[in-house]
Amino acid sequence: MDKQNDALLQQFFSEAAQRTIEDNGFTERVMNQLPGRMLRFERIWTAGCIVIAAMLFTFFHGWELLIVQAEVWLRTTLAEVPQVSPLMAVFALFSLLLIGAYELINYERVVR
């Protein structure tokens, strides 16, 4: 049934894509007004923000802060063995099992 519906939809949309409707340039005017035209400005803005962030990171010695935080994290992790509740472990494994089953069912649906 799904293959028949897919074939009908493909046929309908292929026929519709071949037709052109005269609109006196309306479509072109609308496409020119869409926000995708600001792409160059957005890229320049993003690059500028990244450069400013890198300069501030360097100016305030951000790498030293990262090293100190990594050292603190490692010392506390090695000093204290993390306590894991058996109930939380079972819950986590059950959640992963459900996610895996969902992905498997979804994959089978897509492959067909």
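**Briefing: charges, fold and exposure in a predicted model**

The mean positions of the 9 positive and 12 negative charges of the protein lie 5 Å apart, where Lys and Arg count as positive, Asp and Glu as negative, and His and the chain ends are not counted. This is a predicted model, in which local features need pLDDT of at least 70, side-chain atom pairs count only at pLDDT 80 or more, and totals for chains, interfaces and linings use all residues. Residues are numbered from 1 along each chain as its sequence is written, and side-chain values use heavy atoms, with hydrogens and water left out.

**Fold and dimensions**
- The protein has five helices and zero strands, these being DSSP runs (H or I, at least four residues, for helices; E, at least two, for strands).
- The radius of gyration of the protein is 28 Å, whereas a compact globule of 112 residues would have one near 13 Å (taken over C-alpha atoms, with the globule rule being 2.2 Å times the number of residues to the power 0.38).
- Along the principal axes, the C-alpha atoms fill a box of roughly 70 × 45 × 15 Å.

**Exposure**
- Of the 112 residues, 1% are buried (under 20% relative accessible area, with exposed being over 50% and partly exposed in between, using a 1.4 Å probe and protein chains only).

**The salt bridge**
- The structure holds one salt bridge (a side-chain nitrogen of Lys or Arg within 4 Å of a carboxyl oxygen of Asp or Glu), and this joins the side chains of Arg75 and Glu71 at 2.8 Å, N to O.
- Arg75 and Glu71 are separated by about one helical turn, because they are four residues apart in helix α4 (residues 62-79).
- Arg75 is exposed, with a relative accessible area of 57%, while Glu71 is partly exposed at 36%.

Conventions
Charge placed at Lys NZ, Arg CZ, Asp CG, Glu CD.
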